[in-house]
Amino acid sequence: WQPVLVHRPAGGFERLDKLALEAGVRVWAMPEMSGGRDAGWVLRVARLFRAEDASVFHAHRTEANQGAYGVLAAIAARLPAVVVTQHHLNVTYASGRRAQEMLVSAGVDRFITVSHEVARNLRPRCLFPGRIQVIHNGIDLRPFGRPPNSELRRVLNKGTGRPIVLC
């Protein structure tokens, strides 16, 4: 198989595109949508997925229902595997969107969440919650294993001894 990087047509992907192309990965942007709700777009993209003879569609989401049209296109193309990685979940949105998300979730073969909390919030939004699997982000902790810098701490908390919280 050969990976293909597909993303929305908006700007901001130049560096990622360049790195992907240097690694030998083909890149293409999805067609523009003609408005907020474009069922024709789903069918056009489904045809593109079929023309690619795609085997797996993998979307990364940071909020509920993000990328729903891409997921619907993958479902319409009858791809063998539709995977969604949910990195974060905003638990408040319009009630009509919950029904839409439940319907879209029916065509997703696997939801991957990055924490048990995200999985807990996603379960009521999934028609088949058994398809949710937690795979934690892989963070190498070795760079953080050095001794504390007391001078930096003093500068950051202005000598007060108060805890430092960085976000």
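Residues are numbered from 1 along each chain as its sequence is written, and side-chain values use heavy atoms, with hydrogens and water left out. Because the model is predicted, local features need pLDDT of at least 70 and side-chain atom pairs count only at pLDDT 80 or more, while totals for chains, interfaces and linings use all residues.

Let me begin with the backbone. Most residues other than glycine have a negative phi. Asp 53, however, has a positive phi, near 55 degrees, and Asp 53 sits in the loop between α2 (39-52) and β3 (56-61); helices here are DSSP runs of H or I with at least four residues, strands are runs of E with at least two, and both are numbered from the N terminus. Arg 78 also has a positive phi near 55 degrees, and its place is the loop between α3 (68-76) and β4 (81-86).

Are these two residues buried or exposed? Asp 53 counts as exposed because its relative accessibility is 65%, and Arg 78 counts as exposed because its value is 75%, where exposed means over 50% relative accessible area, buried under 20%, and partly exposed in between, with a 1.4 Å probe and protein chains only.

Now to Thr 85, which lies in strand β4 and counts as buried, because its relative accessibility is 6%. Which residues does Thr 85 touch, not counting residues up to four places away in sequence? They are His 58, Ala 59, His 60, Arg 61 and Ile 112, where contact means heavy atoms within 4.5 Å.
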